[in-house]
Amino acid sequence: MVKTNERPKCNTCGDSGVDFIQPMDQYLLDLNYFASHFKSATGRSNVKSLLITSADRSREAEYYIIEVIRNNPTLFNNITAYEYTDLKPAASCEPDVVNNGVYCEFKSWSNTRGATADKDDPEAASSSSGAFSYFKTSLTGNSFKQFKALLSATAVSSMSKINYYFDAKKLAGTNNTSKEDWVKTVFKDMMYNATTQTLKQQGNEVFEVIWGNEDLKAMFDLSDTALKTPIEQFKDIISNTSNSFYNFIKVK
């Protein structure tokens, strides 16, 4: 049964009847938009299967993708693939959407533990923490491995070739700018220890991936002949969330 944010009000217990995820009319609009647009895009059948699955974590994640696409038609105007499986050499990372040659990943994650905090991410299904908490600390989690895989892809010649979209409805904050700043800080904290001013293991692994991608290495001007070592240069980059490195993070 499709979730909605409205149900009959209970006059006995005072239940307002409003605590579900998405209004039915909104869901139907999103489905109609998906059905009528980008018919030539590969992977559409995968999305359709996930939209009707009984698993909350999968269905919620797909709702979010279609909602963002429908609400931003001028941005998502050339979708060529969903659940893309042919990104070399990292074919297994499967970005959710390929739009205008940009590999887009969508995360409907909460920054607080709640009823739906990490339902879209099985690796983070924990009773004590949310998806972001797991993402920050895990070295083997699928989301961290996917992030590294995208950075290693031959087609990712600059950071502008990657976009990560995060669900504004699930993030605490006063506006999308503050929510975006929070997500950027999560990524920074995942890679960098501000107290010791050193890279964490995740940071070292991300550096190694970027060092192995000649285009990204050139983009960040990482050079072993510079006044600072390449890893020191990378540390300077990721220690500042205002750096253009973090522009791939979007909140919608």
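Of the 252 residues in the protein, 46% are buried. The model is a predicted one. Its secondary structure comprises 9 helices and 7 strands. Counting contacts between residues at least 6 apart in sequence, 56% join residues that are at least 24 apart.

**Helix packing**

Two packed helices are described by the angle between their axes and the distance between the axes. Two such pairs are listed below.

| Helix pair | Angle between axes | Distance between axes |
|---|---|---|
| α1 (residues 24-36) and α2 (residues 44-51) | about 160° | 12 Å |
| α5 (residues 142-152) and α7 (residues 201-212) | about 25° | 8 Å |

At about 160°, the angle between α1 and α2 is over the cut-off of 145 degrees, so the two helices count as roughly antiparallel. The crossing of α1 and α2 is left-handed. On the α1 side the contact involves Tyr27, Leu31, Phe34 and Ala35, and these meet Arg44, Val47, Lys48 and Leu51 of α2. Sorted by class, the contact of α1 with α2 holds 6 nonpolar and 2 charged residues, with no polar ones.

For α5 and α7, the angle of about 25° is under 35 degrees, and the two helices are therefore roughly parallel. Their crossing is right-handed. From α5, the residues in contact are Phe144, Phe147, Lys148, Leu151 and Ser152, while α7 contributes Gln202, Glu205, Val206, Val209 and Ile210. By class, the contact of α5 with α7 consists of 6 nonpolar, 2 polar and 2 charged residues.

**The sheet**

Strands of a sheet pair through backbone hydrogen bonds, either parallel or antiparallel. In this model, 5 strands form an open sheet in the order β1-β2-β3-β4-β7, and the pairing is mixed. The edges are taken by β1 (79-82) and β7 (249-251); each has a single partner strand, so one side of each has no neighbour in the sheet. On average, and ignoring direction, neighbouring strands of the sheet are turned by 25° against each other.

The partner of β1 in the antiparallel sense is β2 (residues 97-99), and the two strands are joined over 3 bridges. Within this pairing, Tyr82 has Val97 of β2 as its bridge partner.

**Phe135 and its surroundings**

Phe135 belongs to helix α4 (residues 131-137). Its relative accessibility is 2%, under the cut-off of 20%, so Phe135 counts as buried. Leaving aside residues up to four places away in sequence, Phe135 touches Trp109, Ser143, Phe144, Val186, Phe187 and Met190. One of these, Phe144, is also among the α5 residues in contact with α7. Phe187 lies 52 residues from Phe135 along the chain, and the C-alpha atoms of the two are 8.8 Å apart.

**Two residues with positive phi**

Most residues other than glycine have a negative phi, and most peptide bonds are trans. Phe38 is not a glycine, yet has a positive phi of about 55°. Asp221, also not a glycine, has a positive phi of about 55°.

Where are these two residues placed, and are they buried or exposed? Phe38 sits in the loop between α1 and α2. With a relative accessibility of 16%, Phe38 counts as buried. Asp221 is in the loop between α8 (214-219) and α9 (230-238). The relative accessible area of Asp221 is 57%, and Asp221 is therefore exposed, the cut-off being over 50%.

Notes
Residues are numbered from 1 along each chain as its sequence is written. This is a predicted model: local features need pLDDT of at least 70, side-chain atom pairs count only at pLDDT 80 or more; totals for chains, interfaces and linings use all residues. Side-chain values use heavy atoms; hydrogens and water are left out. Axes are lines fitted to C-alpha atoms, for helices over the stretch in contact, and angles run from 0 to 180 degrees between N-to-C directions. Helices (H or I, at least four residues) and strands (E, at least two) are DSSP runs, numbered from the N terminus. Angles under 35 degrees count as roughly parallel, over 145 as roughly antiparallel, 65 to 115 as roughly perpendicular and the rest as oblique. A crossing is left-handed if the near helix is turned anticlockwise from the far one by less than a right angle, and right-handed if clockwise. Contact means heavy atoms within 4.5 Å. Ala, Val, Leu, Ile, Met, Phe, Trp, Tyr, Cys and Pro count as nonpolar, Asp, Glu, Lys and Arg as charged, and the others, Gly among them, as polar. Two strands pair if DSSP finds at least two bridges between them. Buried means under 20% relative accessible area, exposed over 50%, partly exposed in between (1.4 Å probe, protein chains only).
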